[in-house]
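Trainee: Hi, could you walk me through this structure? I've never looked at it before.
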Amino acid sequence: MKYVTSTFLRGLFTLLPLLLSIYVFFWFLNWVEGFSKRALLVFWPEFLYVPGMGFLIVFVLIFGFGVLVDRPLTKGLFNLVEVFIQEIPVVKTVYSAIKDFAEYLKPGSGKRPNQVVVVKFPDSAVEMIGLVTRDSLRDLPEALSKDDRVAVYFPMSYQFGGYTVFVPRAWLAPTNLGVEAALRSIITAWMPGQDKKLEPL
């Protein structure tokens with residue numbers, strides 16, 4: 001019985017990441033397909049709808065926007081839409097937060113190679129890894145100390161969330177980690193990969 005249980009659990013935990021990844025992928029495809037189908041059927045006859053058409057149209061639209069996004073006309077129209085959104089209470093707050101985070105992660109956004117840092121607190125052996133989100137605090141509220149300080153964001157593991165700490169630049173030590181690699185490690189609480197084993201305490 002012990003052999004059966006251990007073998008089953010070994011198989012389960014080996015397959016679990018793959019199965020969950022596939023589930024999330026198809027859940028996302030299904031969500032996009034359902035949303036785009038409802039929008040498409042407003043002006044498209046249902047008997048002409050082919051499964052997968054909605055996702056294909058969304059992909060083409062996003063790809064086309066990516067091609068045109070830097071064109072002056074497209075940029076101007078998009079800026080007009082943003083101006084309108086910025087006038088809507090609550091919506092503008094959510095939009096601005098999502099936009100800032102997307103810009104931070106967007107390829108080619110100008111992220112510095114030493115964006116991921118180790119924060120070493122003085123008179124303490126505790127060290128934390130975070131992401132530098134601001135090099136300067138000059139435009140923040142006056143009550144906040146600004147002398148050679150930076151903003152460091154500490155994401156939380158296994159959930160969306162975190163907290164930002166404003167610390168002296170002298171407390172920082174650069175790392176050779178990229179932002180994407182650091183986020184992956186933080187999400188999993190820095191657990192070692194399957195090819196590495198935890199050392200006993």
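Trainee: Is Asp139 buried or exposed?
Mentor: Asp139 counts as exposed because its relative accessible area is 57%. Buried means under 20% relative accessible area, exposed means over 50%, and partly exposed is in between, using a 1.4 Å probe and protein chains only. Keep in mind that this is a predicted model, where local features need pLDDT of at least 70, side-chain atom pairs count only at pLDDT 80 or more, and totals for chains, interfaces and linings use all residues. Residues are numbered from 1 along each chain as its sequence is written, and side-chain values use heavy atoms, with hydrogens and water left out.

Trainee: Got it. What does the side chain of Asp139 meet in a salt bridge?
Mentor: The side chain of Arg134, at 2.7 Å from N to O. A salt bridge here is a side-chain nitrogen of Lys or Arg within 4 Å of a carboxyl oxygen of Asp or Glu. Arg134 is partly exposed, because its relative accessibility is 30%.

Trainee: How many salt bridges are there by that rule?
Mentor: The count comes to three. One of them pairs Arg169 with Asp148 at 2.8 Å, N to O. That pair links distant parts of the chain: Arg169 lies in the loop between E4 and E5, Asp148 lies in the loop between E2 and E3, and they are 21 residues apart. Helices (H or I, at least four residues) and strands (E, at least two) are DSSP runs, numbered from the N terminus.

Trainee: And which salt bridge joins Arg169 and Asp135?
Mentor: Their side chains meet at 3.9 Å, N to O. Here too, distant parts of the chain are linked: Arg169 is in the loop between strand E4 (162–168) and strand E5 (172–174), while Asp135 is in the loop between strand E2 (127–134) and strand E3 (149–155), 34 residues away.

Trainee: How exposed is Asp148?
Mentor: Asp148 has a relative accessible area of 49%, so it is partly exposed. Through shared partners, salt bridges join Asp135, Asp148 and Arg169 into one network.

Trainee: New topic: where is Tyr95?
Mentor: Tyr95 is in helix H4 (residues 91–105). Leaving aside residues up to four places away in sequence, Tyr95 touches Phe78, Glu82, Ile85 and Gln86. Contact means heavy atoms within 4.5 Å.

Trainee: What joins the side chains of Tyr95 and Glu82?
Mentor: A polar contact of 2.5 Å. That term means a pair of N or O atoms within 3.5 Å; within protein, one must be able to donate a hydrogen and the other to accept it, and residues adjacent in sequence count only if both atoms are side-chain atoms.

Trainee: Let's switch to Thr74. Why does Thr74 count as buried?
Mentor: Thr74 counts as buried because its relative accessibility is 18%. Its place is in helix H3 (residues 72–85). Not counting residues up to four places away in sequence, Thr74 touches Phe65, Leu68 and Val69.

Trainee: Last one: which residues of H1 are buried?
Mentor: Val32, Glu33, Ser36 and Leu40 are the buried residues of H1. What covers them includes helix H2 (53–68).
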